[in-house]
Amino acid sequence: MTLEDTTGGTAPPKDDYLERRALRRGSAGWLLLTGLGVAYVVSGDFSGWNIGLSKGGFGGLAVATVLMGAMYACLVFALAELSAILPTAGGGYGFARRALGTWGGFLTGTAILIEYVLAPAAISIFIGDYVESLGLFGLESGWPVYLVCFALFIGIHLWGVGEALRFSLVVTAIAVAALVVFALGAFTDFHVDGLNDIPVDGEAFGSNSWLPFGLLGIWAAFPFGMWFFLGVEGVPLAAEEAKDPVRSMPRALAISMGILVLLAVVTFLAATGARGSAAVQEAGNPLVVALQGDGEPTALSRFVNYAGLAGLVASFFSLIYAGSRQLFALSRAGYLPRFLSLTSRRKSPYLGLLIPGAIGFALAAGTGNGARMLNIAVFGATISYALMALSHIVLRRREPGLHRPYRTPGGIVTSSVAFVLALSALVATFLVDRTAAFMALGVYVIALAYFAFYSRHHLVAGAPEEEFAALAAAEAELERD
């Protein structure tokens, strides 16, 4: 017996289809979910954000960070409502599927997948750079280090989600503690005149010491302001494995966002004020540079250097988790090949972990260009943000009576702010790295071709996200009758 879905596709005839694609429920409470939210992002505090200083100066990056922080805050409030309505592994894809149809679901899910496949590849390269700079075991940055990263941490994920999230929480706690220690040390050498010491480009419109590259520099700094928060939107991907997701998901999203805002403010001010914006704007390890400048390494700078490695590991580890769950949900529903959603005896989507891991390793070993891969990830992220915010707006307008255990403060005004800022950030990616943006667009086009000509005709009606959307269609039809 087969089940017809709303697109004309069919569900697989086997009754055990979903049983063979089941995750371990109840593995994560609000604390582990909060740790996951911080873990996604924490590596961005140690490196990457500072390049925004070379695009907008201190003032430009500061304004960009405030605007991007507002975007993420608004988006997180919208996602808290959506994840309480539909607590499944589909996350953003599931929300968009209900609000925007199959095309909207696929567009959103693919954008999220681009972010979560490319970001770990980039971070593995940064881990290699840290290992080499620290002289650990005499290793140099290269494919052996990348291979160990993917093999070791995918192995932990295959062991089980509870074990994986507890490991992530411990490593994240070490990284956050290091940021606090860094700030305490850096603020003892804080100088206000170091904040705006980047030479002014007199030809840029609106340029001054605080905006050395003019008003356009604010816009160009958007992608780097995002690095203080990039990834926190992935928390809902753990909803299907969470304890009481209706309550724990909004709580974890709000707390993790609060922690990230505090860390962003402290890190940004401490690093630029201790050594000056000009000194850290191009540094691969800005926190260490802020502590020691051109001098000899100190005990504190060495500690922060080692802890920076912990921060990178935390984000690498958690982003692998997010990518596997998004791939799992899209595959389970038939948007991607169905075999990718099979789970092991320990309820881990093993192919959803191994195949993206193999792709990520190949990209890292083949290119060695972490910055470009992160820019591609940002491109995918901004598309998904706009579509998820739009999903919140559409559901609020079209289904006002839908049961909402949690309601977004400000309603559609909040999600509209996130939508506008996400589109602005998307355009900004072309200002920073046009090649990366067009490469991401190319991947998107290929994925859309697969969906248009094949997978949209083979969707699985029994998948949770598809059932949720079908229920909405049935209710709308009853109302018309």
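Me: How many salt bridges does the structure hold, and what counts as one?
Reply: A salt bridge is a side-chain nitrogen of Lys or Arg within 4 Å of a carboxyl oxygen of Asp or Glu. The structure holds six salt bridges. This is a predicted model, where local features need pLDDT of at least 70, side-chain atom pairs count only at pLDDT 80 or more, and totals for chains, interfaces and linings use all residues. Residues are numbered from 1 along each chain as its sequence is written, and side-chain values use heavy atoms, with hydrogens and water left out.

Me: Which residue forms a salt bridge with Glu81?
Reply: Arg396 does, with the closest N and O atoms 2.8 Å apart. Glu81 sits in helix H3 (residues 53–85) and Arg396 in helix H14 (residues 370–398), so the pair ties together parts 315 residues apart in sequence. Helices here are DSSP runs of H or I with at least four residues, and strands are runs of E with at least two; both are numbered from the N terminus.

Me: Which residues are linked with Glu81 in a network of salt bridges?
Reply: Arg396 and Arg404 are linked with Glu81 in that network.

Me: Are Glu81 and Arg396 buried or exposed?
Reply: Buried means under 20% relative accessible area, exposed means over 50%, and partly exposed lies in between (1.4 Å probe, protein chains only). Both Glu81 and Arg396 are buried.

Me: Where does Asp433 lie, and where does its partner Arg372 lie?
Reply: Start with the bridge. Asp433 and Arg372 form a salt bridge, their closest N and O atoms being 3.1 Å apart. Asp433 is in the loop between helix H15 (412–432) and helix H16 (434–453), while Arg372 is in helix H14, so the pair ties together parts 61 residues apart in sequence. Asp433 counts as buried because its relative accessibility is 12%. Arg372, at 28%, counts as partly exposed.

Me: Why does Arg247 count as exposed?
Reply: Arg247 counts as exposed because its relative accessibility is 68%. Its side chain meets that of Asp244 in a salt bridge (4.0 Å, N to O). Asp244 has 45% relative accessibility, so that residue counts as partly exposed.

Me: What polar atoms lie around the side chain of Ser318?
Reply: A polar contact is a pair of N or O atoms within 3.5 Å. Within protein, one must be able to donate a hydrogen and the other to accept it, and residues adjacent in sequence count only if both atoms are side-chain atoms. Take Ser318, in helix H12 (residues 299–332). The backbone oxygen of Ala314 is 2.9 Å from a polar atom of the Ser318 side chain. The backbone nitrogen of Tyr40 is 3.3 Å from a polar atom of that side chain. Ser318 has a relative accessible area of 1%, so the residue is buried.

Me: Which residues does Ser318 touch?
Reply: Contact means heavy atoms within 4.5 Å. Not counting residues up to four places away in sequence, Ser318 touches Leu36, Ala39, Tyr40 and Ser168. Leaving aside neighbours within four places in sequence, Thr65 is in contact with Gly225, Phe228 and Phe229. Thr65 is buried, with a relative accessible area of 10%.

Me: What does the secondary structure of the protein come to?
Reply: The protein has 17 helices and zero strands. Of its 481 residues, 59% count as buried. Among contacts between residues at least 6 apart in sequence, 82% join residues at least 24 apart.
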